Amino acid sequence: TMWTWALWMFPLLCEFSLAALPAKPENISCIYYYRKNLTCTWNPGKETGYTLYRVKRTYSYGNKIESCTLNSSASENRASCSFFPPRVTNRDDCTIQVEAQNADGVIKSDITSWSMDAIAKTEPPGILSVKPVWGIKRMVQIEWKRPKLVPSSSHLKYTLRFRTVNSTTWWMEVNFTEYHFNATQNYNLTGLQAFTEYVVALRCVTTESRLWSAWSQEEMGITEEEAPYGLDLWRILRPAEADERRLVWLLWKKARGAPILEKTLGYNIWYFPENKTNLTEIRNTTNQQFELDLGGEAYWVSVISYNSLGESPVATLRIPAIHEKHFYCALCHVEALQACLAQDQLVVEWQSSDSEVDTWMVEWFPDLDSEPPALSWELVSQARNWTIQQDKLEPFLCYNISVYPMLQDQVGEPNSIQAYAKEDIPSRGPRTKVENIGVKTVMIVWEEIPKSERNGIIRNYTIFCQAEDGKEFSKTVNSSVLQYGLESLTRQTSYTVKVMANTSAGGKLGMEIKFRTLSLSVFEIFLISSLTGGGLLTLIVLTVAYGFKKPNRLTHLCWPKVPNPAESSIATWHGGDFKDKLNLKEFDDSVNPEEDRILKPLSTSSDLIDKLVVNFENFLEDISIEAGKFQENILGGEENEYMTSPHRPDYPPGKNFEESPVSTEIAPRKSQYLCLGMAEEACSEASEQGLFSGQSLGPDHLCEERAPNPYLKNSVTTREFLMSEKLPEHSKKEV
């Protein structure tokens, strides 16, 4: 049962939840277009579908009712409905109520009451003419026709608005009331500029109504011409020549507030040196500039303009002497000069502590290399600011702006500033290079961007640096800085660096530079070189000192003496079995045949000369052992070395070595070593004479000099054998 009840109520609940009444009409307003219609409008609100609106009007003090209907859709934001004569009349009050109806129901607005006179709106007046009144300066007379559809017994209030032709200023308005009912009416507009064209328009309203008519069609008129209004005078001072003469450019233009259409026939100029009025010179021109050739003293210059109706007031300016500075005034100098952009204007502001100075000359020209520059100037009175439209200046171009204080006819010290009417990023980035590359430091240097490519004021520079396979870091410096030193870099590492110039509009990167830090600094190289050089110098000094102390020792260390085997007398020695015992292969079985033919250098001990009784058997047995010692003695031996028998005992001085007994017999094989390379006759003769017997070796047994042995001749290494002073002369030969 419960489920049946729920299913039965569900469609009813859905239908109730989907029902939506129309929005209540609000903000009802009505306008009575005199003798045309009464139109009421309202805000229908947010509609979800088709809605029918019915407007009910009660009039004739509530005795009569009429209505109008309007079909509206959800797309309309505002609805309106109109009532027409003859039921609609003035001098009557009425009430308005709006009903909105859709498929879900009806909703009504609040009832509003309206007075027909208070909401009456008339037609605009029609202007007939705008013209000057001859003989009355700076005035025009406006004549118009009274609107036809207006209550005949109602007085009308008017608003007259006017401005100069092509003016960028707001309209100026004048309100007045006409109490007569003439069809044609007029008004004299005074306080205008002479010989200036104006645009005027009118609107009106009845004194009882609060709704103004639309503006009439605009008409133009011009005021009467008169004498020129006045001039603003300025000058450009050129550098003085060697004879102290100089050129001065005089510039003038119509003073601010002068009529736009003012006609000028020409200009009169007169000038004279200060305090010398009798030297006055007069010039005439139709241009707005004139070049004067003046001397080095101060001059007074005056200019007037003229037309057919008269002359303008005189404009006077003092030209200072060459060596004269600007007039001195402790408080009248320009302070806190600044420029900024405000909407579509460039605004220059400044401060001054002197209340007497209320006239300023603003001078501006593009910062280019042209000569003379395209100079512009303007006189400012009773103000501490100056504005100019941005479209009158070149975008992305730097302007030099100077402000001069003016006290009467004298010009004071200026203050200058640079500004852009519109800024952009620079056309190119700075040109960069690296200098003074060190181990952990480097100097980044960049050039200033030319003025023609800056496109704005350079606010600062940003240096970007990135190590090879490392993170990038940056540093921002002031615009006056053109170099920056990077520190704490890594030794022997490649880096990439670039510099960006920034304006208020953004920045532009310059070219990318790569460099590599050093592995050693100049100091480190100097230190290593100093230590190395110092060590070598110390070694040389010690070596020289040692050479002076022991000259023979140093000479032997550097240039050791080697005996010459070709001059050796060993080949003349005799022995019985010398030839049979001589076998070179036993000296060194490991050497090759070519090496066998070379007598290896041998050095003897220092005691062999004075004890030369040699036991050849023991000598040949130990000769291979002595060879190693001989080699060591060549490299590090003393200056005077002597060959002795290893088995010879020391003898006291004065004894003959012949007294040494020799008992050991030389082995036959070893005798072959000695006979090798000797002539057979010499070898056999030595054997027969018992060279290798137990006899002592004396001077008589030595062999006489014969032809050089080929083995000894081909020896490369030489060695000197020194004999004892007691030996015969033939035994003391050098080998």
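## An exposed loop residue

Asp243 is located in the loop that joins strand E17 (231-237) to strand E18 (246-254). Strands here are DSSP runs of at least two residues, marked E and numbered from the N terminus. Asp243 has a relative accessible area of 55%, so the residue is exposed; exposed means over 50%, buried under 20%, and partly exposed in between, with a 1.4 Å probe and protein chains only.

The model is predicted, with local features requiring pLDDT of at least 70 and side-chain atom pairs pLDDT 80 or more, while totals for chains, interfaces and linings use all residues. Residues are numbered from 1 along each chain as its sequence is written, and side-chain values use heavy atoms, leaving out hydrogens and water.

## A buried arginine

Arg163 belongs to strand E12 (residues 156-164). Arg163 is buried and has no salt bridge; Glu218, the nearest side chain of opposite charge, is 4.7 Å away. A salt bridge requires a side-chain nitrogen of Lys or Arg within 4 Å of a carboxyl oxygen of Asp or Glu. In counting charge, Lys and Arg are positive and Asp and Glu negative, while His and the chain ends are not counted.

Beyond its neighbours within four places in sequence, Arg163 contacts Thr169, Trp171, Glu197, Tyr198 and Val199, where contact means heavy atoms within 4.5 Å. Arg163 also lies over the face of Trp171, 4.6 Å from the ring centre. This arrangement requires NZ of Lys or CZ of Arg within 6 Å of the ring centre and within 35 degrees of the ring normal.

## Aromatic pairs

The whole structure contains 14 aromatic pairs. Rings of Phe, Tyr and Trp (its six-membered ring) pair if their centres lie within 6.5 Å; planes under 30 degrees apart are stacked, over 60 edge-to-face, and the rest tilted. Phe176 and Tyr187 are stacked, because their ring centres are 4.2 Å apart and their planes lie at 5 degrees. Phe176 is in strand E13 (residues 172-178) and Tyr187 in strand E14 (residues 184-190), so the pair ties together parts eleven residues apart in sequence. Phe176 is buried at 11% relative accessibility, whereas Tyr187 is partly exposed at 22%.

Trp446 and Tyr461 form a tilted pair, with 5.5 Å from centre to centre and 55 degrees between the planes. Trp446 is buried at 3% relative accessibility, and Tyr461 is buried at 1%.

Methods: Helices (H or I, at least four residues) and strands (E, at least two) are DSSP runs, numbered from the N terminus.
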